[in-house]
Structures are given as C-alpha cells and as structure tokens.
Amino acid sequence: MKNDIIEVLIIGAGAAGLMAAIRAAENGKQVTVLEKNHQVGKKLLITGKGRCNITNYCDVRELISNTPVNGKFMTNAFYHFDSYMAVYFFNELGVETKIERGNRVFPTSDKANDVVEALKKRADKVGVKFIYRAVEKINKFGEIFAIKLQDQSVLKAKKLIIATGGKSYPGTGSTGDGYQFAESFGHSITPIIPSLVPISAKYFENKKTLVTDLQGLSLKNAAIKIYDKNNKVVYKDFGEMLFTHFGVTGPMILSASSHLRKIDNQILEIDLKPALDEKKLATRLLREIEQAPRKKVENVLKHLLPKKLIPIIIELAELDADKQIGQITKKERNDLFSKLKKLRIKLEKFRSIKEAIITSGGVNIKEIDPSTMESKLVSNLYFIGEVLDVDAYTGGFNLQVAWSSAIVAADSC
C-alpha cells in the first residue's frame with residue numbers, strides 16, 4: 001500500500017466529478033480523480049444531443065420545482081451554487097453561452113466538447129491528478145479510505161467523493177458501480193428505474209391504428225395531457241415530441257417519464273391545435289367547407305395537419321378520405337374536431353434504462369446531509385450527482401444538480 005495519503009479522492013470524471021475536483025483544488029486541496037474510461041466527461045459529451053444543455057437560467061425556486069424527485073433535498077445546494085453562478089463559472093472558463101427556448105443554456109458553439117475541454121483544462125491548471133483505472137473495492141480503516149484498483153494497486157485517501165453516475169447510457173461508463181460502493185458502506189439504494197426516457201406505444205386508443213405509422217413525424221407546437229387509469233390528468237405540457245419506430249419521445253415525453261415514474265394503463269392525449277379552442281377550430285373548418293364544399297376531406301386537412309397525420313386522423317374519425325367535405329355529417333365533423341384536439345394513445349412501457357438520459361433512484365437521500373453531501377453513516381464519504389436519488393426534468397436541470405451537489409461537497413471537504 002502506498003504511503004502517500006490523498007487529501008480528496010474522487011471516483012468518476014463526469015460532470016459532478018470534474019466540478020468537485022476543480023472546486024476542491026481551488027480550495028487548496030490535493031485532489032486525485034479516478035476514471036475508468038480513457039477520457040473524462042464521456043457522458044457529458046452526448047448531453048443535449050451533443051450540444052450540452054449546461055443548465056437552466058432560472059431562480060432556485062424554479063430549479064426545485066423542476067426537480068420532481070427529492071428537489072427539496074437540493075435546496076441548500078442550489079442556493080450555494082445556482083444556475084446563474086454556473087453560467088458565470090463557464091463564462092470565466094472561456095465557454096461563451098446562449099439562452100434558448102425554455103431558458104435552456106447552451107455553449108454558443110453548440111459543442112459539448114468545448115464544455116468538457118474547458119473543465120479538463122481548468123482541472124489541469126489547478127493541479128488535479130487523473131488516474132484512468134477502474135475501482136475494484138473500497139474499505140475504510142480508521143479515518144483512512146483504502147481504494148483497491150483493478151490492477152491490484154491501492155490508493156489511500158482522507159476524503160472520498162463518489163461521483164460515478166447512474167446506470168443510464170452504460171456505454172459511457174455509468175454501470176451502477178456507485179450503488180455497490182454505497183451499499184458496501186451500509187447505505188440503502190432506492191429502486192433504480194429509467195428517467196427522461198422514451199415510451200413505447202403501439203396503438204392509438206381504438207386499439208387497431210398503429211402509432212408507429214407516424215415514425216419520423218415531429219410535432220413542434222403541440223400540447224399533451226397524460227391520464228391515469230382513473231381518467232385523472234397526472235401530467236400536462238406544451239412543446240415538442242417525436243414519433244418513432246417504437247412509440248414516442250422528444251422533450252415533452254422525456255419530462256413526462258420523469259414525472260410518471262411508472263407506466264400503468266396511462267393514456268397520452270395530444271392537442272394538435274392548442275392555439276385554437278374547439279369553437280375557433282369549428283369556425284375554421286366550417287369556413288373551409290363553405291368555401292370549397294366539393295373538396296375531398298383529405299385535401300381540406302392538408303391545411304391543418306402534417307401529411308403523415310392525415311390518414312391517421314381520417315381513420316380514427318372513421319371518415320371516408322374521398323368524401324367531399326361538404327357531405328360529412330355533423331357527427332363526423334364533431335369526431336374530426338375531437339381527434340384534432342384529443343388524439344389519444346395508449347402508453348405501454350418505458351424504454352430500456354440503456355436509452356434513458358438519467359437514472360431515477362439511487363443512494364437514499366435520508367442518509368445524506370444536504371448541507372454537505374456527506375454520508376450520515378460514514379464520515380468523510382460524499383455522494384454527488386446522478387448516483388443520488390435526485391432527478392429532474394429535461395432542460396438543463398439535471399446538470400445543475402450535478403454542479404450544485406459537487407460544489408457543496410467540495411466546499412465541505
């Protein structure tokens with residue numbers, strides 16, 4: 001065993017690990033980071049579709065409200081290092097930023113690599129040491145942690161920060177190691193499920209029309225509601241979604257998955273024309289009928305819908321595509337209105353955790369001090385980022401959880 005004792009050892013060089021390493025080193029600590037990949041920030045490189053949604057430019061109250069799973073636990077951390085501080089921090093590192101729809105903050109370059117490179121450059125500058133090896137086992141002898149690596153070498157540390165991420169995107173190294181390390185020290189792990197994940201859906205509510213027929217169709221200004229098995233609205237949103245070969249995805253669907261926690265006979269209802277209430281929509285359609293009563297139904301719908309949606313709406317409303325619009329009955333007209341405002345899909349299940357942006361569940365926050373991120377069970381042991389049972393909606397909120405928890409832990413060290 002080496003005689004040198006590291007002051008602060010961090011396992012994981014993702015968003016949280018890099019931020020904690022930089023802050024602890026800036027605070028004058030000797031810091032070593034263990035990373036099992038051959039590069040840092042591997043998962044960070046794919047966030048925001050490769051653009052890196054750094055944070056969400058909003059106040060602490062909004063950060064908490066957009067962190068549905070244990071957001072209150074993050075209150076102190078968010079106040080300690082909020083999204084405005086995060087933007088300032090990255091600007092100081094030379095990463096210019098911009099604010100897009102929904103207060104999402106991105107690097108002006110639209111390159112996640114610029115964020116990772118800036119973090120690594122700063123870490124190197126403040127003297128952080130990186131060792132690219134996997135951890136096999138962790139023990140604690142008295143006040144000293146002994147970290148056995150897979151090459152059988154052992155490192156000693158006074159303080160240990162676990163920043164290993166969750167189980168989503170395992171190809172980036174998030175394989176759940178941190179949960180095992182936590183359990184070895186007596187911590188409990190809340191159930192691990194995918195979050196911010198696409199949802200499988202095969203049929204519309206009539207149980208015969210295929211959702212997958214809309215594969216590739218993107219809706220940009222739609223509104224959704226999700227009903228539970230008791231027909232109660234449990235989630236609603238406005239924005240973008242996408243139909244795929246397996247069902248639905250996109251920002252609204254991903255955020256819905258974080259809120260739902262599980263799929264149990266829920267119905268997704270899409271309002272294709274949220275800017276028009278039913279009365280205005282009826283007025284518009286009646287005007288179309290009066291102006292061109294001999295037009296075929298499908299030709300009239302071209303002014304209202306994307307091409308791929310037209311045959312689906314016609315089938316669901318049980319209309320004849322070749323029928324003249326002036327010949328449809330009042331009931332058929334009302335059925336058409338209904339499908340435009342209430343297109344209903346039966347949700348089946350979450351996609352695999354391998355497709356999830358983040359992991360829901362993790363180290364039980366009841367066993368962690370929210371003011372320091374230190375374990376209540378083991379002194380000088382800290383947990384930060386996605387390994388904790390904290391997760392938020394899409395839009396930069398999860399990275400803010402990583403930055404804030406990392407800063408609090410580093411300052412505590």
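**Core.** I began with the largest nonpolar core of this predicted model. It holds 135 residues, and I270 and W403 touch the most other members. I then asked which helix gives this core its largest share; that is helix 12 (residues 397–412), with 10 residues.

**I270.** Next I listed the contacts of I270, leaving aside neighbours within four places in sequence. I found L219, A222, A223, I224, M241 and F243 there, along with L340, K341, K342, L343 and I345.

I traced an open sheet of 7 strands, and its order reads 16-15-12-13-14-11-17 with antiparallel pairing. Inside the order I looked at strand 13 (residues 233–243) and strand 14 (residues 247–249), which pair in the antiparallel sense over 2 bridges. F243, already on my list of I270 contacts, stands opposite V248 in strand 14.

**Helices on that sheet.** Helix 11 (residues 330–341) packs on the sheet and touches strand 15 and strand 16. I noted that its direction makes about 105° with that of strand 15. Helix 7 (residues 251–260) lies across strand 11 (199–200), strand 12, strand 13, strand 14, strand 15 (267–271) and strand 17. Helix 7 runs at about 150° to strand 13.

**N221.** I stopped at N221, which is found in strand 12 (residues 218–227). Is N221 buried or exposed? N221 has a relative accessible area of 54%, and it counts as exposed because that value is over the 50% cut-off. Not counting residues up to four places away in sequence, N221 touches F238, G239 and P274. I also checked A275: its C-alpha atom is separated from that of N221 by 8.7 Å, with the two residues 54 apart along the chain.

**Helix 5.** Helix 5 (residues 112–125) has 14 residues and reaches 20 Å from its first C-alpha to its last, close to the 20 Å expected at 1.5 Å a residue. Its buried residues are A112, V115, V116, A118, L119 and A123. Seen down the axis of helix 5, these residues fall within an arc of 160°, so they line one face of the helix. I remind myself that an α-helix has 3.6 residues a turn, so residues three or four places apart point the same way. Turned away from the buried side of helix 5, I found the exposed residues K121 and K125. The buried residues of helix 5 pack against helix 1 (15–26), helix 4 (83–92), strand 5 (104–107), strand 6 (129–131) and helix 12. After helix 5 comes G127, with a positive phi near 90°.

**Two hairpins.** I moved on to strand 7 (residues 135–141) and strand 8 (residues 144–149), which pair in the antiparallel sense over 6 bridges. K137 stands opposite K148 in strand 8. Which residue takes a positive phi in this hairpin of strand 7 and strand 8? I found G142, near 65°, in a hairpin with 2 residues between the strands. Strand 8 also runs antiparallel to strand 9 (residues 154–162), joined by 4 bridges, and F145 stands opposite A157 in strand 9. This second hairpin has 4 residues between its strands, with Q152 in the turn at a positive phi of about 75°.

Last, I looked up an open sheet of 3 strands in the order 3-5-4, with antiparallel pairing. Strand 3 (55–56) and strand 4 (97–100) are the edge strands. Strand 4 and strand 5 pair over 4 bridges, and I99 stands opposite V105 in strand 5.

Methods:
Residues numbered from 1 in each chain as written. Predicted model: local features only at pLDDT ≥ 70, side-chain atom pairs only at ≥ 80, totals over all residues. Heavy atoms only, no water. Core = buried A, V, L, I, M, F, W, Y, C linked by side-chain atoms within 4.5 Å. Buried < 20%, exposed > 50% of the residue type's maximum accessible area, 1.4 Å probe, protein only. Contact = heavy atoms within 4.5 Å. Expected span 1.5 Å × (residues − 1). Arc of directions from axis to C-beta. Pairing = 2+ DSSP bridges. Axes fitted to C-alpha atoms, helices over the stretch in contact; angles between N-to-C directions.
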